[in-house]
Amino acid sequence: MDHANYTGIHNFILAGFTATGNMRPLAVMGTLCIYFLTLAGNLFIIVLVKADSGLSTPMYFFISVLSFLEIWYISTTLYVFHSLGMTECYLLGVMAWDRYLAICRPLHYHALMSRQVQLWLAVASWVAGFSAALVPASLTATLPFCWKEVAHYFCDLAPLMRLACVDTSWHTQVHKTVIGAINICDLLIILMLYGGILRAVMKLPSAASRAKAFSTCSSHMTVVTLFFGSAFIVYVGPPEIRADGKDKLIALVYALFTPFFNPIIYTLRNKEVKEAMKRVAQKFRTVC
């Protein structure tokens with residue numbers, strides 16, 4: 001087939017979800033509310049970590065970096081979207097490493113996780129994420145397309161490849177290999193780190209100490225479960241999910257709900273953040 005006849009399509013129409021009648025304005029308003037609440041919640045975490053000296057620890061630095069990532073995550077193009085997704089994979093691994101050092105190497109924690117190391121790890125996560133996304137995004141962008149309507153609410157890899165004029169089985173295998181290998185390796189590292197954390201916590205003498213140690217990790221593990229679980233199903237799962245259109249619903253978890261729930265998970269379940277909110281509110285009242 002002559003590819004030159006099909007290279008003129010550069011703009012796509014997003015089909016989105018099929019909502020009719022009274023459900024359409026409700027769906028639009030609900031999504032819009034979640035979008036603005038996501039922006040407000042993640043901006044709140046960034047400002048709070050910056051404003052309160054009690055949160056000037058490596059854990060909250062990485063949480064603020066994650067919040068910054070989530071703000072861009074919900075309003076990006078194909079390449080940037082997958083770059084941020086890859087970056088979040090690496091960043092969640094870095095956050096697990098931070099918790100491992102804090103619990104398993106407490107005496108050397110501040111020396112091992114200095115401010116310079118924190119910045120280096122954050123920058124390395126972004127560079128690695130944007131580099132890893134080059135392969136799947138560039139392969140998809142160079143395909144010749146015959147149709148415009150994308151059966152999704154954003155330009156994801158699989159829905160775009162279904163519009164191509166050529167066989168994309170090889171592209172699909174490359175995407176699964178790259179994305180699957182990165183996700184699996186990163187998840188295995190996180191599980192190994194939390195295995196070490198679990199062994200260290202079980203050796204603590206008191207139940208109160210064990211509960212405090214577990215509470216610092218529970219929020220991160222919740223986010224890891226939401227993000228990796230939904231990403232694996234969509235990108236590495238069986239083709240039947242994508243064929244039935246269920247990938248759109250599952251993609252909502254990591255594309256919309258994970259950025260929305262992150263501020264809630266990291267604030268409402270965290271005593272240190274609640275105390276920081278009180279201190280910042282007191283400073284604000286004093287200034288006013």
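This is a predicted model: local features need pLDDT of at least 70, side-chain atom pairs count only at pLDDT 80 or more; totals for chains, interfaces and linings use all residues.
Me: How far is lysine 148 from alanine 164 in space?
Reply: Lysine 148 sits in the loop between α6 and β2; helices (H or I, at least four residues) and strands (E, at least two) are DSSP runs numbered from the N terminus. Along the sequence, lysine 148 and alanine 164 are 16 residues apart. From C-alpha to C-alpha, their separation in space is 9.7 Å.

Me: How many helices and strands does the protein have, and in what pattern do they follow?
Reply: The secondary structure comes to twelve helices and two strands. Read along the sequence, the pattern is β-α-α-α-α-α-α-β-α-α-α-α-α-α.

Me: What percentage of the residues is buried?
Reply: The protein has 288 residues. Its accessible surface, from the Shrake-Rupley method with a 1.4 Å probe and, for residues, only the protein chains shown as cover, comes to about 15400 Å², with 70% belonging to carbon and sulfur atoms. Buried residues make up 44%.

Me: Among contacts between residues at least 6 apart in sequence, what percentage joins residues at least 24 apart?
Reply: A contact here means heavy atoms within 4.5 Å. Leucine 84, in helix α3 (residues 78-104), and glycine 129 are 45 residues apart along the chain, yet their C-alpha atoms are separated by 6.5 Å. For contacts in the whole protein, the value asked for is 74%.

Me: Which cysteines does the disulfide join?
Reply: In general, a disulfide is a covalent bond between the sulfur atoms of two cysteines. With the rule of a pair of cysteine sulfur atoms within 2.5 Å, the count comes to one disulfide. Its sulfur atoms are 1.6 Å apart, and it joins cysteine 146 to cysteine 165.

Me: How many residues apart in sequence are the parts that this disulfide ties together?
Reply: The link of cysteine 146 and cysteine 165 is right-handed, with 140° about the S-S bond. Cysteine 146 lies in the loop between α6 (134-141) and β2 (149-150), and cysteine 165 in the loop between α7 (157-161) and α8 (169-202), so the sequence separation of the parts tied together is 19 residues.

Me: Which residue forms a salt bridge with aspartate 52?
Reply: A salt bridge is a side-chain nitrogen of Lys or Arg within 4 Å of a carboxyl oxygen of Asp or Glu, and the count comes to two salt bridges. Aspartate 52 is buried, at 2% relative accessibility. Its side chain meets, at 2.7 Å from N to O, that of arginine 279.

Me: How many residues apart in sequence are the parts tied together by aspartate 52 and arginine 279?
Reply: Aspartate 52 lies in the loop between α1 and α2 (58-73), while arginine 279 belongs to helix α12 (residues 271-287). Arginine 279 is partly exposed, with a relative accessible area of 35%. The pair therefore ties together parts whose separation in sequence is 227 residues.

Me: How many aromatic pairs does a search of the whole structure find?
Reply: Rings of Phe, Tyr and Trp (its six-membered ring) pair if their centres lie within 6.5 Å; planes under 30 degrees apart count as stacked, over 60 as edge-to-face and the rest as tilted. One aromatic cluster is formed by Phe68, Trp72, Trp126 and Phe130. The number of pairs found is nine.

Notes:
Residues are numbered from 1 along each chain as its sequence is written. Side-chain values use heavy atoms; hydrogens and water are left out. Buried means under 20% relative accessible area, exposed over 50%, partly exposed in between (1.4 Å probe, protein chains only).
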